[in-house]
Amino acid sequence: MKTRFYSKLSNLNFITSEKINRKIGIKNIKWVIENTFFKFFNQKIKIKNSKTDFFEIREEMTRAEISHLMAFIFVLFFCFYYSLKINIVFGSMIFIINILMNLYPSLLQQQNKRRIDKFTKRHLLRE
């Protein structure tokens, strides 16, 4: 976390357009996470009251985002291996599940970090 590489990753944005985020269904993933058992997974990323430390939440989001990206890349190798060596349908199923369980949550974290950055920037300008 104390490296330049982590600093670059903490400001990573694959998709900066809200229009594209809507088209690929990030809003649907957000709904699923907020309204199913997934909401209980990372309780550190939650705004509890007006005294919430947004910088701390952003750091936790960055950790979650990087973890999901690493998991996505790791599982991607298995997808290709299973597609080539075992069965392309099985590899494709793992790939689709990997996108839903790792890539989309990472993209959602990036979107949320942009929202927090915009909020904190606006808040700091008022002070």
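I began with sequence separation: residues 24 or more positions apart account for 72% of the contacts with a separation of 6 or more in the protein chain. Contact here means heavy atoms within 4.5 Å. I noted that the model is predicted, so local features need pLDDT of at least 70 and side-chain atom pairs count only at pLDDT 80 or more, while totals for chains, interfaces and linings use all residues. Residues are numbered from 1 along each chain as its sequence is written, and side-chain values use heavy atoms, with hydrogens and water left out.

**Overall make-up**

Helices (H or I, at least four residues) and strands (E, at least two) are DSSP runs, numbered from the N terminus. I then looked up how much of the chain is buried: 31% of its 127 residues. Buried means under 20% relative accessible area, exposed over 50%, and partly exposed in between, with a 1.4 Å probe and protein chains only. The chain exposes about 9,600 Å², and carbon and sulfur atoms supply 65% of that area. Accessible areas come from the Shrake-Rupley method with a 1.4 Å probe; for residues, only the protein chains shown count as cover.

**Core**

I looked up the largest nonpolar core and listed nine residues: I15, I26, I29, F72, L76, L103, Y104, L107 and L108. Helices α3 (26–35), α4 (54–85) and α5 (88–126) each supply at least two residues of this core. The most come from α5, with four residues. A nonpolar core is a set of buried Ala, Val, Leu, Ile, Met, Phe, Trp, Tyr and Cys residues joined through side-chain atoms within 4.5 Å. I checked I29 and found contacts with L100, Y104 and L108, leaving aside neighbours within four places in sequence.

I placed A64 in helix α4. A64 counts as buried because its relative accessibility is 12%. Not counting residues up to four places away in sequence, A64 touches N42, I45 and Q109. From A64 to N42 I noted 22 residues in sequence and 8.6 Å in space, C-alpha to C-alpha.

I placed N102 in helix α5. N102 also has 12% relative accessibility, so it counts as buried. The side chain of N102 makes a polar contact with the side chain of H68 at 3.3 Å. A polar contact is a pair of N or O atoms within 3.5 Å; within protein, one must be able to donate a hydrogen and the other to accept it, and residues adjacent in sequence count only if both atoms are side-chain atoms.

**Salt bridges**

I searched the whole structure and found four salt bridges. A salt bridge is a side-chain nitrogen of Lys or Arg within 4 Å of a carboxyl oxygen of Asp or Glu.

R114 forms one with E18, the closest N and O atoms being 3.4 Å apart. This pair links distant parts of the chain, with R114 in helix α5 and E18 in helix α2 (residues 18–24), 96 residues apart. R114 is buried at 15%, whereas E18 is partly exposed at 35%.

R58 forms another with D117, with closest N and O atoms 2.6 Å apart. R58 lies in α4 and D117 in α5, so the pair ties together parts 59 residues apart in sequence.

E60 and R63 also meet in a salt bridge, 2.7 Å from N to O. Both lie in helix α4, three residues apart, about one turn of the helix.
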